[in-house]
Number of protein chains: 2
Amino acid sequence: GAPGTGYGYPPAVDPLFGYFSAVAGRDGQISPEELQRCLQGAGYGNGWETFSLETCRLMIGMLDRDGNFQMGFEEFKELWNSLNQWKHTYYTVDRDRSGTVNEQELHQAIRTYGYNLSPEAFRVVFKRYARREQTIITFDDFIAVSVRLRCLSENFRRRDTHQNGTAMLSYDEFIRFSFVV
Amino acid sequence: GAPGTGYGYPPAVDPLFGYFSAVAGRDGQISPEELQRCLQGAGYGNGWETFSLETCRLMIGMLDRDGNFQMGFEEFKELWNSLNQWKHTYYTVDRDRSGTVNEQELHQAIRTYGYNLSPEAFRVVFKRYARREQTIITFDDFIAVSVRLRCLSENFRRRDTHQNGTAMLSYDEFIRFSFVV
């Protein structure tokens, strides 16, 4: 319901709802473009903590359950919690407070998350997103990496029926799993 | 060698080499950021025919053979040919000359390429990149879709040993195949 209407005590309003409802249409769903504005409104727009449209698309794709590529308020709250955790990891591994993470710091972050990547796979992840002569990962790209690793790993695990790190995938599943993030 | 030096006839210089060498460093390799500038210099910077950094990263990932996420001149020429083909498809399917393609036009383009996607997979591909209330695909995103479909399909096919549309993948391979584009 709309906050602040009616008599008596105001309902306990989730402060996040304000940011969300400012951009959500009547259907209560937001698109990647709207999520970008929403996160800006919520304080992620200052300086280097800005999200590209691409990263917002990844966030929507990760939490999209019904395949409409929109985000409801429940998913937005879930995203908010994940963002806080990832941001904490980012600041923790960025020991020299450079504002970006280097190869070693990204490696540490991925270990913190618990993903077990071969040196070859880690190299792909790092180089895919590294800037400035392949030395640094920005905050926006760090979140992109975090979103994709989580979503891809979850989808793979669901098909890894023997829990042995391999899965039989159809071409169609492979395209869907890869394209959604 | 450098064009236009020495006596006698000038060597037959590939005009593309000029764009490439203008941004390539001494090692003759270009990064995604350099590719973005290179394609701008070659005429892809005007109006809506501009490439985002993300799409340039995808282009590098698709043609990256040695895992260094850089592009040599041979790969650049290969990319140039692919871009011309994709651009031709884009203009062909954009019948109403709107400058963007809609869902039906994207479907036709993918059929032209020869990929056989289920309605569900096509829906993921379209919605992942659709803008403006999920109605249109821009040129930049169209190229992103083309690059990812080609690269993912090629990598999958290499693991589809029985050529029956299924493949056994390890978690590590799945992450590498998905992350490189």
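Mentor: Over all chains, the structure holds 20 salt bridges. Keep in mind that this is a predicted model.

Trainee: What makes E75(A) and R65(A) a salt bridge?
Mentor: The rule asks for a side-chain nitrogen of Lys or Arg within 4 Å of a carboxyl oxygen of Asp or Glu. In this pair the closest N and O atoms are 3.6 Å apart, so the pair meets the cut-off of 4 Å. R65(A) sits in the loop between α3 (53-63) and α4 of chain A, and E75(A) in helix α4 (residues 73-93), so the pair ties together parts that are ten residues apart in sequence.

Trainee: How many helices and strands does chain A have?
Mentor: Its secondary structure comes to eight helices and one strand. Along the sequence the pattern reads α-α-α-α-α-α-α-β-α.

Trainee: How many salt bridges does the rule find across the interface of chain B and chain A?
Mentor: It finds six there. One pair is E54(B) with R128(A), whose closest N and O atoms are 2.9 Å apart. That value also falls within 4 Å, so the name applies. On the side of chain B that touches chain A, α3 (53-63), α6 (119-129), α7 (139-159), β1 (166-170) and α8 (171-179) each supply at least two residues. By class, that side has 23 nonpolar, eleven polar and 14 charged residues.

Trainee: What area do chain B and chain A bury between them?
Mentor: About 4500 Å², with 59% of it on carbon and sulfur atoms. R128(B), Y171(B) and F179(B) supply 19% of the area that chain B buries against chain A, more than any other three residues. In terms of contact, 48 residues of chain B meet 48 residues of chain A.

Trainee: Why are β1 of chain A and β1(B) called paired strands?
Mentor: Pairing needs at least two bridges. Five bridges join strand β1 (residues 166-170) of chain A to β1(B), so the two count as paired. They run antiparallel, and S170(A) stands opposite T166(B).

Trainee: Why do we say the copies meet through the same surface?
Mentor: Because 100% of the interface residues of chain B are also interface residues in chain A.

Note on methods: Residues numbered from 1 in each chain as written. Chains lettered and ligands numbered in written order. Predicted model: local features only at pLDDT ≥ 70, side-chain atom pairs only at ≥ 80, totals over all residues. Heavy atoms only, no water. Contact = heavy atoms within 4.5 Å. Buried area = accessible area lost by both parts, 1.4 Å probe. Helix = DSSP H or I, 4+ residues; strand = E, 2+ residues; numbered from the N terminus. Nonpolar A, V, L, I, M, F, W, Y, C, P; charged D, E, K, R; others polar.
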